[in-house]
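Trainee: I have a two-chain model on the screen. Can we go through it briskly?

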Amino acid sequence: MGITRRAALRTMLAGSAVAASAVIPTESASAATLPTPPADALGLLYDATLCIGCKTCVVACQDANGLPRDTSGIDYKYDAPVALSARAKNVIKLYKGEEGESFMKAQCMHCVDPACVSACMIGALTKNRETGIVSYNVDYCVGCRYCEIACPFNVPKFEWAKATPRIVKCELCRERLAEGKEPACTEVCPRHAVIFGKRAELLQEAKRRIAAAPDTYQARVYGETEAGGTQCLYISHVPFDTLGLPSLDDRPAPELARSIQHTVYKGFIAPVALYGVLAAVMLRNRRGGQAPEDRP
Amino acid sequence: MSAHVHAAPVGGRMMTPSARALFALFGVAMVLVAWRLIAGLGATTAMNDGYPFGLWIAFDVVTGTALACGGYAVAILVYILNRGQYSPLVRPALLTSALGYSLAGIGVALDVGRWWDLWRVPIYFWRWNLNSALLEIALCIMAYVVVLWIEVAPFILEKYRDSDNLTLRRVSRSAVPALKKASVWIIALGLVLPTMHQSSLGTLMLLANSRLHELWRTPMVPLFFLLTCVSMGYAVVVFESAFSGVAFGRKPETAMLASLAAVIAPLQFVVVVLRVADLAMRGVLGSLFNGDLRSNMVLLELVLFLAPAAMLMSASSRNNLGHLVRSAMVMMFAGALYRFDVFLVAFNPGAHWSYFPSVPELLVTVGLVAAEVLAYVFIVRNFPILSGGHPAAPERQAAS
């Protein structure tokens with residue numbers, strides 16, 4: 001009775017050929033060039049050597065975004081968010097260790113090729129074509145949190161405490177920009193440790209500062225190429241990984257998953273072809289007479 | 001062994017003591033579901049911004065749908081490989097699949113924060129993000145639930161062919177032949193959709209990129225998910241046959257399951273060989289022996305994949321039902337562990353994050369599985385799903 005192992009395996013593997021075909025092209029996809037940001041891409045430049053940790057930007061961000069004071073950190077008394085959360089789109093942290101001491105500002109990096117946007121099913125997260133700002137529209141969000149899985153910087157946060165939760169993350173104060181203002185965090189910074197502008201100009205400025213004081217700064221701009229580049233850039237006197245900025249290669253974060261999806265579902269040909277082949281096999285089987293009696 | 005199917009309702013009392021226990025578990029889950037809907041996910045689950053996917057995704061959806069691939073696995077065998085002699089397995093396998101996928105759908109609805117907006121995903125086609133593996137999975141699973149119930153519908157409607165109720169009789173007599181006529185096109189859809197979304201479930205976590213541990217971060221994940229959903233699907237069919245044997249005093253299809261096992265055992269080998277080859281080609285074979293949690297988990301996976309293959313090597317062991325069931329359970333566990341590993345163990349959001357499912361999360365999952373078992377028992381008792389001898393009610397044998 002029955003089936004030969006070989007025949008069965010062949011069919012199973014044929015059925016999975018769709019998935020298997022994804023294996024080959026992804027290997028070569030790593031040679032892809034960096035994605036190009038929009039010409040007028042906006043962003044931030046944070047200079048860790050200038051920040052004095054006054055957290056004025058943290059409070060200004062809460063005010064501008066209607067976020068509550070966050071007393072979850074120290075003794076439950078002080079407004080001192082310790083990390084990004086549904087109540088904090090922008091935080092200042094202090095690194096103290098072998099490499100010295102430094103403050104660190106965390107907010108959405110506004111990636112040139114954002115993984116969160118790639119993850120989002122019906123575009124609650126989108127990247128603006130002109131400014132490159134990654135913004136959130138709750139109308140198209142189902143709260144699946146796949147953006148949180150996708151983000152290499154662990155930025156999007158979810159309102160766990162609410163029955164009608166949203167995703168919370170920095171949108172570069174896009175409402176303020178529309179009014180002709182700059183983001184709240186850069187506006188209030190007394191030391192101009194964080195400045196706002198076009199990404200291309202910020203990148204130039206960052207490189208100018210590094211060139212002017214090569215002994216002070218780490219020799220590169222974080223965000224120039226990381227994960228395909230980000231619109232928020234960092235320069236620092238301590239290594240970036242000590243500041244909690246992950247060591248990432250130049251490949252855009254969504255590339256691996258996207259190349260599989262694109263290869264397998266290019267023009268939707270493979271699924272349609274598979275459907276046709278399967279139907280044809282069944283029709284032939286049926287005519288062949290050995291077909292099963294019981295068809296649903 | 002006949003190619004003809006004489007499926008008939010098993011009959012018997014629904015409210016057995018074990019059914020009462022299952023109802024109690026389901027009741028507890030419903031209370032907790034109400035709490036989750038009122039108080040939110042933070043109050044009821046252990047999920048957090050580091051681990052935004054928890055048990056409900058890793059088990060109810062990712063593992064649950066794989067265990068519900070019995071219908072997929074058996075349909076490949078019966079309709080594509082044209083092995084009609086296995087057709088008695090089709091009905092129970094499709095029913096389990098329909099129930100399992102429906103349950104996964106309910107699991108998703110509980111898991112997403114803004115469940116009342118879920119309807120927008122299939123409707124707002126002009127906003128579909130075709131880069132999103134999750135979108136494809138969502139659409140495929142929604143479509144597949146519909147396809148599965150269409151496949152199951154004739155078994156349910158058959159019962160009403162000679163019903164006293166005129167409407168039911170009419171629906172039954174017109175729908176059943178129509179569905180049989182269209183069956184090739186429906187079954188083909190029922191094969192394409194799982195092929196798509198089961199592989200894409202593997203693609204899903206690849207978007208986490210550097211935050212997914214290198215032992216699992218490979219473009220092969222979609223293939224592994226597809227291969228393991230087939231073996232898990234077969235394992236459930238074995239388990240189900242044995243369960244029906246015990247629960248309804250029926251004769252299990254041991255010979256049939258034994259010849260299935262002969263096919264599935266080598267598939268387990270294939271997964272292990274591909275897995276090891278993939279690790280070697282990516283140059284990370286060495287980190288298998290780091291001795292840490294993640295490397296030990298991979299070793300455990302490999303052992304669990306190999307064990308059932310070894311258990312089913314000889315024909316005599318394959319023809320022993322107890323042995324078949326034990327190996328099937330290991331097979332299910334192997335596939336489940338691989339999926340849990342990809343979704344929870346391999347994912348590393350940073351040292352200060354941790355996740356272990358909360359008691360409400362666990363009880364909701366248990367309650368949903370209890371509901372699935374109850375629905376299965378109810379349907380096989382009342383509708384022609386299982387075939388072969390059933391001493392409980394032999395006089396109703398002619399029903400189909």
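Mentor: In chain A, 63% of the contacts with a separation of 6 or more join residues 24 or more positions apart. Two residues are in contact if their C-beta atoms, placed from the backbone, lie within 7 Å. This is a predicted model, where local features need pLDDT of at least 70, side-chain atom pairs count only at pLDDT 80 or more, and totals for chains, interfaces and linings use all residues. Residues are numbered from 1 along each chain as its sequence is written, with chains lettered from A and ligands numbered from 1 in the order in which they are written.

Trainee: What pLDDT does chain B average?

Mentor: pLDDT is the predictor's confidence in each residue, from 0 to 100. Over residues 390-400 of chain B it is below 50. Yet 96% of the residues of chain B score at least 70, and the chain averages a pLDDT of 90.

Trainee: Which element gives the most to the side of chain A that touches chain B?

Mentor: The contact takes 71 residues from chain A and 81 residues from chain B. Helices (H or I, at least four residues) and strands (E, at least two) are DSSP runs, numbered from the N terminus. Elements giving two or more residues to this side of chain A include helix H1 (5-15), helix H10 (255-264) and helix H11 (269-288). With ten residues, the one that gives the most is H11(A).

Trainee: Which residue is the bridge partner of Lys96(A) in S3(A)?

Mentor: Two strands pair if DSSP finds at least two bridges between them. Strand S2 (residues 91-97) and strand S3 (residues 100-106) of chain A pair in the antiparallel sense over seven bridges. S2(A) and S3(A) form a hairpin, with two residues between them. In S3(A), the partner of Lys96(A) is Glu101(A).

Trainee: Why does Asn154(A) count as partly exposed?

Mentor: Asn154(A) lies in the loop between H6 and S6 of chain A. Its phi is positive, about 55°, although it is not a glycine. A residue is buried if 20 or more other C-beta atoms lie within 10 Å of its own, exposed if 12 or fewer, and partly exposed in between; C-beta atoms are placed from the backbone. Asn154(A) counts as partly exposed because its C-beta neighbours inside 10 Å number 19.

Trainee: Does Asn209(B) count as buried or exposed?

Mentor: Asn209(B) sits in the loop between helix H9 (183-204) and helix H10 (221-248) of chain B. Its phi is near 55°, a positive value in a residue other than glycine. Asn209(B) has 23 C-beta neighbours inside 10 Å, so it counts as buried.
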